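Have the model open and follow along.

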Amino acid sequence: MKDRILQYLEAVEATQVKDAAETEAFRIRFFGKKGILNDLFGDFKQVPGPEKKEIGLLLNQLKEKAQLRLESFQARHTGNSNQTRLDDLTLPVDFYTAGSRHPLSVVRNRILSIFSRIGFTVAEGPEIEDDWHNFSALNFAADHPARDMQDTFFIEKRPDSNDVLLRTHTSSVQVRVMETTQPPIRMIFPGRVFRNEAISARAHCIFHQVEGLYVDKNVSFVDLKQTLLYFAKEMFGEKTSIRLRPSYFPFTEPSAEMDINCPLCGGKGCNICKYTGWIEILGCGMIDPAVLDSCGIDSETHTGFAFGMGIERMTMGLYQIKDLRHFFENDLRFLRQFESAF
Ligand code: PHE
């Protein structure tokens, strides 16, 4: 019975009417002799004692909601046909349920706004890429394992090897921007990326990244580190510290991975940080001079840094979400929990 009432509550909210006839149909459906409410109040007699309170409350809620909705329909469509809400401001307002932003959008927007405060502008690139922008220009050797069928969704094999594929990272946008823009470049690229992975609580074949790119004269590793420290503090709180671990990416040299001290346990160790006290947030490094050159930027005069982070991972940490699949299922019970997020 509870489920039935909940369904009707949603139906009341979702109903829209065009004219007096549809208003009347709504009235009969809910308030008619054989209407939904009479029916439910009839069934209510059979509800066992302990559940009466909860069901009764819901039932009254449904009745009130349907009543208000009916009054607002009637105000618009029946009686004085010229009367609109603008003529009579005392008429009840129509109800619109406000939507909520998807948690991944909430976190992406926060990332973009933090970087825009320090002068990064936003750009996007295509999700369907070619081998050059996704791999070759980024120094991936012809036999690099990341090109393997197991990771990359290929769309078309080309005789010249410039295969068409779904981009596996947003680093492809770095290439597109550097090919067409002369430094100084200070930009950030959000987007969807694709990898042929089995779907589980921790991995998906579609996920989201934000990539950062900074190219100018005299850009050094210190600039990279300060930029990332600023970001981490803005994102996770003033007390956050970062640690950079040496790593490897074909297109950056030196390369690093950045961890933050776990915002949930403050570094003491918990199941989110797997008892290490640290959470890995992003990959970064100084752009390899060979990459600058292949994109038409003189590596004798210019240097740059880049970084890339996964939005899902960060959102899971921020909101303690334990299963990545929630992001893609669009279950309203999950999404409604983010109504208050901006
Ligand atoms: N593209 C890398 C990845 O998807 C992340 C990265 C971006 C690393 C920029 C260094 C610089 O894992």
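The largest cavity is lined by F236, I260, P263, I279, I281, R313, M314, G317 and L318. A cavity here is a set of points, on a 1 Å grid over the protein atoms alone, where a 1.4 Å probe fits but cannot get out, and a lining residue has an atom within 4 Å of a point. Its volume is about 50 Å³, taken as the space filled by probe spheres set on the points, with grid points joined across faces, edges and corners. The structure holds one cavity of 30 Å³ or more. Two elements give two or more residues to the lining of this largest cavity, strand 9 and helix 10 (311–319). Helix 10 gives the most, with four residues. Helices (H or I, at least four residues) and strands (E, at least two) are DSSP runs, numbered from the N terminus. By class, the lining has seven nonpolar, one polar and one charged residues; Ala, Val, Leu, Ile, Met, Phe, Trp, Tyr, Cys and Pro count as nonpolar, Asp, Glu, Lys and Arg as charged, and the others, Gly among them, as polar.

A quick word on what you're looking at: this is a predicted model, where local features need pLDDT of at least 70 and side-chain atom pairs count only at pLDDT 80 or more, while totals for chains, interfaces and linings use all residues. Residues are numbered from 1 along each chain as its sequence is written, and side-chain values use heavy atoms, with hydrogens and water left out.

Now for the ligand. It is surrounded by 14 residues, the closest being H169, S171, R195, Q209 and E211; a residue is near if one of its heavy atoms lies within 4 Å. Which side chains have polar atoms by the ligand's nitrogen and oxygen atoms? An N or O atom in the side chain of S171 is 2.9 Å from a ligand nitrogen, and for the side chain of H169 the distance to a ligand nitrogen is 3.1 Å. On the oxygen side, a polar side-chain atom of Q209 lies 3.0 Å from an oxygen atom of the ligand. The ligand taken alone exposes 330 Å², and the protein buries 89% of that (Shrake-Rupley accessible areas, 1.4 Å probe). Helix 7 (171–180), strand 6 (206–216), strand 9 (278–287) and strand 10 (303–310) are the elements that give two or more residues to the shell. Strand 10 gives the most, with three residues. By class, the shell has five nonpolar, seven polar and two charged residues.

Next, zoom out to the whole chain. It is divided into domain 1 (2–87) and domain 2 (103–338), with bounds from an automatic or database domain assignment. Taken over C-alpha atoms, the centres of the two domains are 49 Å apart. Where does the second largest pocket lie? Both domains give residues to its lining, so it lies between them. A pocket is an open set of grid points with protein on both sides within 12 Å along at least five of seven lines. This one has a volume of about 290 Å³. It is lined by 14 residues, of which E13, T97, A98, R336 and E339 lie nearest its centre. Helix 1 (2–14), helix 4 (49–77) and helix 12 (332–335) each give two or more residues to the lining, and helix 1 gives the most, with four. The lining has five nonpolar, four polar and five charged residues.

Most residues other than glycine have a negative phi, and most peptide bonds are trans. P183 and P184 are joined by a cis peptide bond, with omega about 5°, and P184 sits in the loop between helix 7 and strand 5 (185–194). The bond from E253 to P254 is cis too, with omega near -5°; P254 is found in strand 8 (residues 252–261). As for phi, S161 has a positive value near 70°, and S161 is found in the loop between strand 3 (154–156) and strand 4 (164–166).

Terms used:
Polar contact = N/O pair within 3.5 Å; in protein donor to acceptor, adjacent residues only side chain to side chain.
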